[in-house]
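Biologist: I'd like to go through the labels on this model and hear what stands behind each one. Can you take me through them?

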Amino acid sequence: VPDYLVQGKDTVAIFNNPLEQYFDKVGKRELIDFKNACWSTACWRGYRAYWELTNDSLYLIKITSCHEDCGESKDANLYAMFGEDRPFASWYNGTLTAPMGELFSGSDMGYNAIFEFEDKLQIVNGVLKSKQRISNIELIEQIKLDNKLYAQIPTLKDTLLFHLNKNIDWEKKDNTN
């Protein structure tokens with residue numbers, strides 16, 4: 001279950017959880033413990049955060065349970081946590097990764113899934129410093145080639161074994177070690 005980033009009219013999943021840096025620095029995780037929340041391996045952290053990039057600044061706009069289907073759809077109280085309803089993410093330093101294009105490999109929500117492209121947004125103290133689109137097309141083509149080669153391994157092993165057995169002179173084979 002990913003976090004989401006709003007940029008203008010687009011909302012995209014991201015392969016990062018910026019709120020974890022906040023918890024590492026100041027704690028207060030208990031303020032987002034949802035009563036009767038469900039837990040799963042899809043969302044160990046127990047929440048989904050929504051972020052907005054406005055005028056090159058990163059803001060936290062919502063925290064909710066990532067398991068609405070369990071009857072827990074209440075949003076966390078951002079004002080109780082931060083003293084404001086739309087806190088500026090000054091604590092966050094890192095690269096936000098937003099997958100783009102067609103999914104090639106992995107789960108469509110998995111953080112290690114491979115998409116055609118990735119937008120890399122370098123954030124320093126909550127401010128966007130650079131944005132770069134990375135193409136994964138070469139990686140995807142290499143994986144496709146590797147998959148074709150791996151598919152040939154059983155045939156190659158049988159062929160190699162056949163030729164080894166055919167060409168070994170078993171009478172002259174030394175049986176020591």
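**Labels and their cut-offs**

Modeller: Let's start with D56, which counts as partly exposed because its relative accessibility is 42%. Buried means under 20% relative accessible area, exposed over 50%, and partly exposed in between, with a 1.4 Å probe and protein chains only. Bear in mind that this is a predicted model: local features need pLDDT of at least 70, side-chain atom pairs count only at pLDDT 80 or more, and totals for chains, interfaces and linings use all residues. Residues are numbered from 1 along each chain as its sequence is written, and side-chain values use heavy atoms, with hydrogens and water left out.

Biologist: Why does N55 count as exposed?

Modeller: N55 has 73% relative accessibility, so it counts as exposed. N55 is found in the loop between β3 and β4, and D56 lies in that loop too. Strands here are DSSP runs of E, at least two residues, and helices are runs of H or I, at least four, numbered from the N terminus.

Biologist: What is the phi of N55, and what is the phi of D56?

Modeller: Phi of N55 is near 50°, and D56 has a positive phi of about 65°. Most residues other than glycine have a negative phi.

Biologist: What makes β3 and β4 a pair?

Modeller: Two strands pair if DSSP finds at least two bridges between them. β3 (residues 48-54) and β4 have 7 bridges, in the antiparallel sense, so they pass by that rule.

Biologist: Why is T95 called partly exposed?

Modeller: T95 comes out at 30% relative accessibility, so it counts as partly exposed. T95 lies in strand β5 (residues 94-105).

Biologist: What joins the side chains of T95 and Q122?

Modeller: A polar contact of 2.6 Å does. The term covers a pair of N or O atoms within 3.5 Å; within protein, one must be able to donate a hydrogen and the other to accept it, and residues adjacent in sequence count only if both atoms are side-chain atoms.

Biologist: And why does L160 count as exposed?

Modeller: L160 is at 53% relative accessibility, so it counts as exposed. L160 is found in helix α4 (residues 153-167).
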